[in-house]
Amino acid sequence: MSDLYDLLVGPFAEFAFMRRALVATLALAMSAAPLGVFLTLRRMSLLGDALSHAVLPGVALAFMLFGLSLPAMALGGVAAGLVVAALAGVISRATALKEDASLAALYLVALALGVTLISRQGSQIDLLHILFGSALGVDEPGLLLVAGVASVSVVALAALYRGLVLETFDPLFLAAAHTGRASRPWVWQQSFLMLVVINLVAGFQTLGTLMAVGLMMIPAVSARLWHESLAAQLLNASAQAAAAGMSGLLLSYHLDTPSGPTIIGCAGALYALSLLLSPGGWLPRILKRPHRVA
Amino acid sequence: MTHNTLKFIMLTMLVASGLISRAHGTELLPVVASFSILGDLVQVVGGARVKVTTLAGPNTDAHEFTPRPADAKAVLAARVFVVNGLNFEPWAQKLAQSAGYKGGTVVASKGIQPRTMAAESGHAHAEIDPHAWQNPLNVVQYVANIAAGLAKADPSGAPTYQANAAAYAKQLQDFDAQAKAQLDAIAPTQRKVITSHDAFGYLAARYGITMLAPEGVNTDSEPSAKHVAELIRQIKREKIKAVFVENMSNPRLIAQLSKDAGVRVGATLYSDALSGANGPASSYLKMMQHNLTQLAAGMRLNP
């Protein structure tokens with residue numbers, strides 16, 4: 001019994017940094033993983049990676065204006081991410097380009113702008129390295145940031161849910177249904193993108209890029225294999241992200257492996273299991289396939 | 001006959017080149033140094049005879065430096081290119097090649113017995129520690145190498161370079177003796193320090209300090225939960241009070257770690273880059289003085 005305690009509870013009971021890492025991970029699992037499901041549905045699975053580069057000009061500008069101040073750089077990053085995501089949304093509405101294509105172009109331009117700004121400054125520090133956090137370095141403000149963003153985004157997602165589902169699956173119907181009414185379809189799209197941006201940027205700053213993007217996307221991708229219904233997929237994604245976070249932290253503690261990569265590795269293991277065993281996975285398909293008799 | 005003609009031509013060329021280099025001697029010798037600490041050392045050795053351009057300037061992480069076209073231009077215009085070596089600035093060799101640099105390259109760490117980083121968690125194999133300048137006695141070798149390199153490009157300045165290097169070597173040895181005395185006054189059991197980036201291996205070895213770091217030698221490795229947990233236990237068990245961050249890395253992990261262990265973070269240390277002109281580490285010797293004073297002050301708080 002005490003062995004089990006040492007294995008599962010002891011590390012969290014003894015060390016504050018383990019508790020903070022766990023709470024931050026669980027908060028991100030609750031809010032980011034469901035957003036990830038919507039991203040995969042919209043074929044924007046790679047948005048997270050793009051965004052981790054797109055924040056650079058905002059961070060650089062804040063650095064030039066306010067020096068090496070983490071809050072200023074964080075706000076700059078959020079602003080740059082919001083601008084890039086909003087522009088990508090507007091372009092996809094106004095032109096023939098899809099969201100992902102316009103985002104690809106915009107994030108590269110943003111990255112180039114960021115690098116140029118930093119080079120002009122003369123001193124070359126890896127700003128993102130300083131700004132982006134790691135799972136074990138979660139501090140109090142970081143924890144509050146992630147928990148605050150998670151709370152806001154869970155409530156906002158609930159409020160947006162109906163419109164967002166329609167906008168994702170049947171944009172034409174939504175547009176038709178809203179003709180002549182005050183609310184416009186783009187409101188759903190833009191609010192959703194904003195939620196994704198604040199979740200990711202809060203995640204970058206508290207837990208690092210790999211953790212933020214990994215916890216958002218991997219559980220979302222594997223959750224889609226398990227259920228037909230969207231609501232079940234959302235819950236499953238959160239559950240998988242939470243399980244990966246908890247087991248990853250414990251493994252990192254007992255096996256002496258780096259925490260962020262271990263957590264994402266656990267999410268990857270769950271993904272592999274889902275690929276094999278889930279209803280939409282490989283084994284059930286093989287078993288269900290009728291034998292051909294020659 | 002042809003033999004004599006050849007000899008004559010070669011002699012004239014030699015004389016001419018000697019004349020040209022003497023004519024150049026009145027101008028400043030253009031030298032490029034890869035990062036701020038080397039820039040300072042080259043200026044000390046070259047004195048008024050050289051014009052030093054530093055690529056990775058103050059407060060810039062030389063590990064992560066990306067050269068700009070202006071840097072390639074500076075290298076191309078230089079007659080001596082001074083690098084640290086020991087794989088500290090892998091971009092320097094590429095830069096020299098792509099710029100088409102034909103002049104001499106001085107590897108400042110040449111002849112130094114490098115330390116290897118212990119193969120610890122997260123590192124598959126032992127790595128060579130490039131931060132050799134953290135031991136002032138190694139820097140005696142650095143300035144000798146730099147003096148030899150400068151003399152090769154500017155033979156008429158050789159006596160000056162030699163004299164400058166020798167005078168600086170004397171300063172380094174004095175500093176080392178002082179530092180040794182200062183640290184010998186602290187009990188060996190007290191000499192334990194936590195830093196964010198283990199760049200101080202040579203310093204620690206020279207002055208008998210135990211450095212505990214939650215990250216590997218490269219700024220981009222990530223610690224394991226077990227490693228951080230052990231560090232916190234050790235800080236608590238041994239009541240270590242000396243905790244420091246370094247000028248370019250993310251301070252959050254170490255700040256958070258020391259908070260958990262109930263200690264305060266001390267002053268910023270400088271390892272891979274000097275501070276700006278108004279900072280506490282505007283030259284190599286000031287940097288070493290600053291680091292050692294801060295470290296000693298921190299270690300005196302240890303039980």
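This is a predicted model: local features need pLDDT of at least 70, side-chain atom pairs count only at pLDDT 80 or more; totals for chains, interfaces and linings use all residues.
Figure 1. How many bridges join β3(B) to β4 (residues 104–107) of chain B? There are four, and the two strands run parallel.

**Figure 2. The other neighbour of β3(B).** Strand β3(B) also pairs with β1(B), again in the parallel sense, and here the pairing spans three bridges. Look for Val31(B): its bridge partner in β3(B) is Val80(B).

**Figure 3. Two faces of one strand.** In a regular strand, side chains alternate between the two faces of the sheet. Now look at β3(B), and ask which residues lie on each side. Val80(B) and Val82(B) are on one side, while Phe81(B) and Val83(B) are on the other. Are these four residues buried or exposed? All of them are buried, and both faces of β3(B) are covered.

Figure 4. Helix α3 of chain B covers residues 69–77, and its buried residues are Asp71(B), Ala74(B) and Val75(B). Why do these three lie on the same side of α3(B)? Because they cover an arc of only 100° around the axis. What covers the buried residues of α3(B)? Among the elements of chain B that do so are the strands β1 (29–35), β2 (50–56) and β3 (80–83), together with helix α4 (90–99).

**Figure 5. Where chain B meets chain A.** Here 29 residues of chain B are in contact with 28 residues of chain A. Two helices of chain B, α8 (225–238) and α9 (252–261), each supply at least two residues of the side that touches chain A. By class, this side of chain B has eleven nonpolar, eleven polar and seven charged residues. For the complex, the predictor gives an ipTM of 0.75 and a pTM of 0.74.

**Figure 6. Confidence along chain B.** The average pLDDT of chain B is 83, and 83% of the residues score at least 70. Over residues 14–25 of chain B, however, the pLDDT is below 50, and this stretch has three contacts in the model beyond near neighbours in sequence. Residues 119–124 of chain B also stay under 50, and for them the model has eleven contacts beyond four places in sequence.

Methods
Residues are numbered from 1 along each chain as its sequence is written. Chains are lettered from A and ligands numbered from 1 in the order in which they are written. Two residues are in contact if their C-beta atoms, placed from the backbone, lie within 7 Å. Ala, Val, Leu, Ile, Met, Phe, Trp, Tyr, Cys and Pro count as nonpolar, Asp, Glu, Lys and Arg as charged, and the others, Gly among them, as polar. A residue is buried if 20 or more other C-beta atoms lie within 10 Å of its own, exposed if 12 or fewer, and partly exposed in between; C-beta atoms are placed from the backbone. The arc is that of the directions from the helix axis to the C-beta atoms. pLDDT is the predictor's confidence in each residue, from 0 to 100. Two strands pair if DSSP finds at least two bridges between them.
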